[in-house]
Each structure stands twice: as structure tokens, then as C-alpha cells.
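My notebook is open and the viewer is running. Here are my entries, in the order I looked things up.

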Amino acid sequence: MDKKKLKKKVDDSDSSDLEQLLEISKKYKNRPRPEKQEIPILKKVKPPEPPPQPPQPTTLPQLSSFKKSESGAYKVPQHLHKNYPHAVRLYLGNLPDNVDKDHLHNYIRQQMESHGAVIDPGDPVIQVQLQPGQKYCFVQFRSIEETEAALQIDTSNYQGKQLKFKRVKDYEISPRIEGEREVPKIQPKEPAQKLFVCGLAPDTDNDALANILSEYGSLKSLNVVRDIKNVCKGFAFCEFETDLETQNCVNGLNNKVIGGRLLQVKKNAQLPTPTQDYIIDTITLGEQQAFESKLQQINQMKVSSVVVINNAVRIKNIEDDYEYNFIVKDLKKEIEKIGRLISMVVPRKKDGYSEGIGKVFVEFENEQFAKIAIILLQNKKYDGREIDISFYDPRLYADKQY
């Protein structure tokens with residue numbers, strides 16, 4: 001094919017293509033167009049607020065910022081007392097078995113109120129920490145002043161047990177602090193009179209008698225008199241919490257027949273009974289009339305806390321060290337059942353004594369115990385020998401003039 005024909009063919013091809021493009025362009029311009037749509041404008045969204053954070057603990061003010069009392073203790077405001085647990089927490093011991101925590105809590109509160117140890121209205125006890133089976137607990141109070149007041153209540157009685165508050169161990173090693181208010185002054189209770197109960201059966205049981213007496217009030221103490229074989233000799237001493245309960249017992253139990261025995265109950269404030277810590281349980285008292293007769297005789301004597309016992313030991317026996325140690329130990333064991341001893345001396349030649357050999361000198365804690373010893377030991381037998389006992393001048397005893 002020559003060049004002219006080829007060029008013509010190309011030109012014809014270009015012309016048709018152009019027409020097609022024009023036609024397509026025309027159709028595109030005349031095409032239906034969609035309506036304009038508004039584009040939504042996105043609004044700014046606030047991010048969620050963070051959850052509230054727990055309050056951060058505030059730092060306690062330095063103790064040096066508080067004023068000091070004359071004793072050198074820091075005076076802490078009342079609203080900060082709970083931050084010093086060593087000053088508002090006390091130990092309470094000698095609890096009875098199976099103590100109910102709520103019952104004990106209420107008892108402590110009542111004791112505080114009755115002794116005038118409460119400053120503000122409401123319960124002064126915040127918490128009683130008691131574990132099952134324990135004989136002690138920890139009591140937390142709401143203020144330092146009321147804690148100090150509770151320490152003064154040392155005669156409270158709970159279910160036959162003598163309770164006493166003490167400081168916790170960390171108190172001594174912690175800073176000395178005190179409250180800004182005055183510590184309440186404890187109002188002492190008037191002690192109720194002791195009762196003398198006689199006419200008891202030989203097989204009297206302590207718990208059974210306590211249950212009978214408890215029907216008339218809250219029993220504070222009970223001392224049952226027994227012989228060396230643990231047989232009741234027909235006497236007991238008891239004490240209630242209040243005078244009203246004491247009188248109720250006298251009215252209800254005196255001349256009442258229990259177990260086939262006629263009981264007699266009477267008040268006797270002068271009766272030289274032992275303290276609650278010691279129960280006379282090994283030595284015969286004798287009959288009631290004899291006991292009262294001896295008591296009258298003793299009240300006419302010049303009493304002291306020292307007694308001398310004659311005819312209790314054999315001189316030849318105490319010169320032997322083995323016999324001497326055995327006799328002294330045995331005598332002390334028996335006499336301590338009457339009351340607390342300060343000292344006991346059994347003079348013998350081997351120790352350089354020339355006087356008082358064969359005698360036993362006993363110094364009791366007080367005259368009451370000595371009175372009881374005179375009543376209980378007079379004309380009783382020890383090692384087959386009838387002994388004689390009398391008061392001894394405490395000045396001579398102190399000077400070792402036996």
C-alpha cells in the first residue's frame with residue numbers, strides 16, 4: 001500500500017474516534033445529577049470524667065506542735081485521740097469462762113457510768129476485742145480522759161471474777177500523751193456488808209451454794225469453810241455487789257431449810273473474813289457459838305499482824321536440816337491457806353538463835369489474817385501436838401527478839 005492511501009486511512013480513523021469522544025462528552029454533561037446532600041458536622045464529645053479517688057490520708061501533726069503538760073506529756077485534742085491507740089486501749093484480764101462480748105461491753109459501760117467515769121453522752125467504749133476461749137480482752141475507749149478514768153476502776157466484779165484494767169504493753173515505749181480535759185474523778189462505791197452463812201451440810205458444793213445465793217443478786221465473793229478432808233464444816237462467808245442485794249439474801253435465805261438443814265444468814269461487818277484471793281478450805285472452824293465467842297475474846301486483845309505458835313515443832317527435829325526444811329515448808333503451806341504471809345521464822349540453835357527455839361513466828365499481810373489464824377489454829381493439832389497461838393509484838397519481831 002502506498003503512502004497516500006495509508007495516510008488517508010489514518011485520517012479517516014482519527015475523525016471517527018473524535019466524533020465518538022465528542023458524543024461521550026455530550027452524554028456526560030447531560031447526565032442526571034443527584035441532589036446535593038449535606039455533610040453532617042461532627043460535634044466534639046467531652047471525655048468521661050475519671051472516677052472519684054478515695055481521700056488521701058492526712059498526715060498527723062507532729063507531737064512537738066502540741067502543748068506539754070506539767071508532767072511532760074503532750075496534750076492532744078480530742079478529735080485526734082483515736083490516732084493514738086496506745087493511749088485509748090486497755091488490757092482487761094481474769095475473765096470468766098464463756099464470756100459474751102456484747103454482755104461484757106455493756107457491763108464495762110455500766111461500770112463506767114456508775115463510777116462517774118463518763119465525760120460525754122453516749123457509750124465511752126468503742127470496741128471490745130475478745131477471742132473465743134481467752135481469759136483476757138482489749139478494750140478501746142473513745143477518749144484518753146475516759147481511758148485514764150477506767151484505770152481507776154479496780155474493784156469491778158464480773159460473774160464472780162475480780163477484773164482490773166491495765167495498760168497495754170506498747171504504752172511504755174510510746175510517746176507520753178494526755179487529753180486536754182480533766183480526767184473524771186472516780187466515785188467509790190460503798191462496800192456492801194459481808195454475810196455469815198451457817199448451817200450448811202457437810203457435802204455442800206461451792207457451785208451449788210453459789211447458784212442459791214445468786215438468786216438474791218450479783219454474788220461478789222464466796223468463801224466456804226472446809227476441813228483437811230475437804231468436808232464443809234457448815235460455814236461460809238459471802239458478799240454481794242450492793243446493800244440491797246445483801247438485805248434481799250438475809251430476808252430470803254435466813255431460817256430457810258435447804259437439803260434438810262436450817263440455814264442462818266446474818267450481817268457481821270466486824271467479822272474477820274479472808275480476802276477473796278484466799279478461801280479457808282483446810283482448817284476446822286468449830287461451831288458457830290464457839291466461833292463468835294473466840295471473836296469476842298480477840299476483839300478485847302491487843303491485836304497485831306504477827307503471831308507466835310507454840311508446841312508446833314519438836315526441838316530435836318528442827319536441828320536436822322532435812323527435817324527442818326520439811327517442817328518449815330509444810331507449816332508455810334498450811335498457814336498460807338489462811339492468808340498472805342510476809343515472812344515466817346522458826347528459830348533453831350544451828351542458825352545462831354538462843355531464844356524462841358521451838359516456836360514459829362508468822363507475820364501476816366494484815367491484822368485480819370492474824371485474827372483468822374488465832375481463831376482457826378487455837379488448840380488444833382499439828383503432828384499430833386496441840387498447838388497454842390497468840391499475837392506477838394511486831395516491834396520485837398522486827399528486831400529479831402524471839
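Which side chain meets that of Asp321 in a salt bridge? I found Lys350, at 3.0 Å from N to O. For a salt bridge I take a side-chain nitrogen of Lys or Arg within 4 Å of a carboxyl oxygen of Asp or Glu.

Before going on, I noted that this is a predicted model, where local features need pLDDT of at least 70, side-chain atom pairs count only at pLDDT 80 or more, and totals for chains, interfaces and linings use all residues. Residues are numbered from 1 along each chain as its sequence is written, and side-chain values use heavy atoms, with hydrogens and water left out.

**Salt bridges**

I placed Asp321 in helix α9 and Lys350 in the loop between β15 and β16, so their bridge ties together parts 29 residues apart in sequence. Helices (H or I, at least four residues) and strands (E, at least two) are DSSP runs, numbered from the N terminus. Asp321 is partly exposed at 35% relative accessibility, and Lys350 is partly exposed at 49%. My scale calls a residue buried under 20% relative accessible area, exposed over 50% and partly exposed in between (1.4 Å probe, protein chains only).

I then followed the network of salt bridges that links Asp321, Arg348, Lys350 and Asp351. My count of salt bridges came to 12.

Another one joins the side chains of Glu178 and Lys75, with 3.4 Å from N to O. Glu178 sits in strand β8 (residues 177-179) and Lys75 in strand β1 (residues 74-76), 103 residues apart.

**Cores**

Next I looked up the largest nonpolar core, which has 30 residues. Such a core is a set of buried Ala, Val, Leu, Ile, Met, Phe, Trp, Tyr and Cys residues joined through side-chain atoms within 4.5 Å. Val307, Ile309, Val360, Val362 and Phe364 touch the most other members. Helix α10 gives the largest share, eight residues. I also picked out Val360, whose partners beyond four places in sequence include Leu331 and Met344; contact means heavy atoms within 4.5 Å.

Apart from this core I noted another, of 22 residues, among them Val99, Leu130, Val139 and Ala150.

**Ile342**

Leaving aside neighbours within four places in sequence, Ile342 is in contact with Glu363, Phe364 and Glu365. Its C-alpha atom is separated by 9.5 Å from that of Val306, 36 residues apart along the chain.
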